[in-house]
Structures are given as structure tokens and as C-alpha cells.
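User: Hi! I am new to reading protein structures and would like to go through one with you, step by step. Could you show it to me?

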Amino acid sequence: MGILRIMESDSLPTTHSVLFVGNSLTFWNGGVDRHVRGLGGSLGSPLIVETDAFVEPGATLAVLWDQGASEAIAQGDHDVVVVQEDLPEGSVEQFDEHARLLIEQIRRADAEPVLFMAWAYDRLDWITTEEIADAHRVVSAELGVKVAPVGLAWQAAVAERPELAMYDTDAEHPSMHGTYLAAATILATIYGQDLRDATYLPDGVTEDEGAFLRLIAWETVNEYSAN
């Protein structure tokens, strides 16, 4: 576990430094941060996004807090910190407690907190995606924090195109399509920007699939923010 900084060229006009705090749902497929950078850089008016990651396999926010996430936030000089809980691994109560602690620390560091709402999976099936979304809504409403509704976008994508595999072969982690959708949803949440003209496509995602996933991300972010 540690801090990894990967920076794009400084030739692009807008810079945003984003720290990602989470577990393997964040760092799978080369890291959702890498795909955030790719998407941002491929827009008609490109965004340059610098990213760090503070990640630990299988970790809940409680574990990440104990492992030094607070210090990484305090020392990082970031504009935005994206916080990903893996709710099936913990509990709603733990999420509520440690999301609040991290949000407080993020704001103390003069950064903007964004919650990365992930998805449910069968291995730990005590909680549904809707219940994960409800837990995030509570924190969002009470603390006025943005939520990137990745789990809801994932659910919408599966409903519309059930043949598109969003899970990896372990039926828990994201496929490349799942990571791409997560990146699009997070970027749209941070910038409030329509990503339909982005051209970045990772290996394994076709042009048609990418366009579909970017549209789902944008529609879900708009629908979530309106409710």
C-alpha cells in the first residue's frame, strides 16, 4: 500500500489533482484513476487530471483510516479526494462513521470530497446496490458531499445491455467495462461534464460500448443529482 502519483503532460489547459482512496474496486484494471486521466484528456476541450492513489486490497474505509489515509489526505495537496467504500466487506455503520471522518479530514485539507458509490456482488450478498445507494444518500444529504453513483450506473447499464459483462470473471471486481463506467461516472461527477465526445477507449471496450457507457454515466449522474 502507498501513494502512487502519475501525472499527464502539463500542456493541457486545466489541472485537477485527485486522490483516490479505496481498495481493489478502485485499483483493478490498472486503476480507475488511469482511466479518469484517459477520458479527461480525450475530450474536445481536454482536461488534465493528476492522480494519486492510497489503496489496500480488501480494505474497508475503517481499515484505510487505520492504515494512514488521513495522513495521505493531509499531506497530498489535492483538489478532490474520491473515497470508495466496499460496503459488502464492512457494515453500513462502519461506512457512516469512517466516511464522515474522512470527509472532515478532506475538508480540513481544503479539498473536495467525493464518495465513490460501488456495487453489490454475490460473494457477500447481505446488501443490495439499492441499499448501498441509500447509505451514500444519507451521508450525502447530511454533509452536503457529492456522490459518484457508480453502482447505480452499473445497474442501469446491466438493465439495458445484459449481454455486456460488467463483472470480471470472479463476479466481484469490475471488468474493463465496469472500470470504464466507473471512471466516466466519477469524472462526470467531479466536473459536471458531459463525456459523450470523449474518444479514449481502453483495450477490450469497443467504440459502440464506450459511447453507451459514457451516456449511461452522464444520465445517471444527472438523475442522481436531481433527486
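Analyst: Happy to! Let us start with a definition: a charge sits over a ring if NZ of Lys or CZ of Arg is within 6 Å of the ring centre and within 35 degrees of the ring normal. Please keep in mind that this is a predicted model.

User: Thanks! The charged end of Arg161 sits over which ring, and how far is it from the centre?

Analyst: The cut-off for the distance is 6 Å from the ring centre. The charged end of Arg161 meets the rule over the ring of Phe212, and its distance from the centre is 4.2 Å.

User: How many aromatic pairs are there?

Analyst: A pair of aromatic rings is described by the distance of the centres and the angle of the planes. To pair, the ring centres must lie within 6.5 Å. By this rule, the number of aromatic pairs is four.

User: Is the pair of Phe116 and Trp119 stacked or tilted?

Analyst: The ring centres of Phe116 and Trp119 are 6.3 Å apart, and the planes make an angle of 55°. Planes under 30 degrees apart count as stacked and those over 60 as edge-to-face, with the rest being tilted. With 55° between the planes, Phe116 and Trp119 are tilted.

User: And what kind of pair do Trp119 and Trp154 form?

Analyst: Here the centres of Trp119 and Trp154 are 4.0 Å apart, with 20° between the planes. The limit for stacking is under 30 degrees, so the word for the pair of Trp119 and Trp154 is stacked.

User: Why is E5 called largely enclosed by the rest of the structure?

Analyst: A residue is buried when its relative accessible area is under 20%. E5 has five residues, and it is largely enclosed because the number of them that are buried is four.

User: Which residue stands opposite Leu115, and in which strand?

Analyst: E5 has two parallel partners to look at. Strand E4 (residues 80-84) is joined to E5 by five bridges, and Gln84 stands opposite Phe116 there. Three bridges join E5 to strand E6 (residues 146-148). Across from Leu115 is Val147 in E6.

User: Which helix goes with E5 and E6 in a right-handed β-α-β unit?

Analyst: E5 takes part in a right-handed β-α-β unit with E4 and helix H5 (residues 92-108). In the right-handed unit that E5 makes with E6, the helix is H6.

User: Where do the side chains of Glu112 and Lys146 lie, and how many residues apart are they?

Analyst: Side chains of opposite charge can pair when their charged atoms come close. Glu112 and Lys146 form a salt bridge, with N and O 3.3 Å apart. Glu112 is in strand E5 and Lys146 in strand E6, so the bridge ties together parts whose separation in sequence is 34 residues.

User: Is Glu142 buried or exposed?

Analyst: Arg100 is in helix H5 and Glu142 in helix H6, 42 residues apart. Arg100 is partly exposed at 23% relative accessible area. Because Glu142 reaches 52% relative accessibility, it counts as exposed.

User: Why are Arg37 and Asp33 separated by about one helical turn?

Analyst: Arg37 and Asp33 form a salt bridge, with the closest N and O atoms 3.6 Å apart. Both Arg37 and Asp33 are buried. They are about one helical turn apart because, in helix H2 (residues 32-41), their spacing is four residues.

Methods
Residues numbered from 1 in each chain as written. Predicted model: local features only at pLDDT ≥ 70, side-chain atom pairs only at ≥ 80, totals over all residues. Heavy atoms only, no water. Phe/Tyr/Trp six-rings, centres within 6.5 Å; stacked < 30°, edge-to-face > 60°. Buried < 20%, exposed > 50% of the residue type's maximum accessible area, 1.4 Å probe, protein only. Pairing = 2+ DSSP bridges. Right-handed = clockwise from strand over helix to strand, strands pointing away. Salt bridge = Lys/Arg side-chain N within 4 Å of Asp/Glu carboxyl O.
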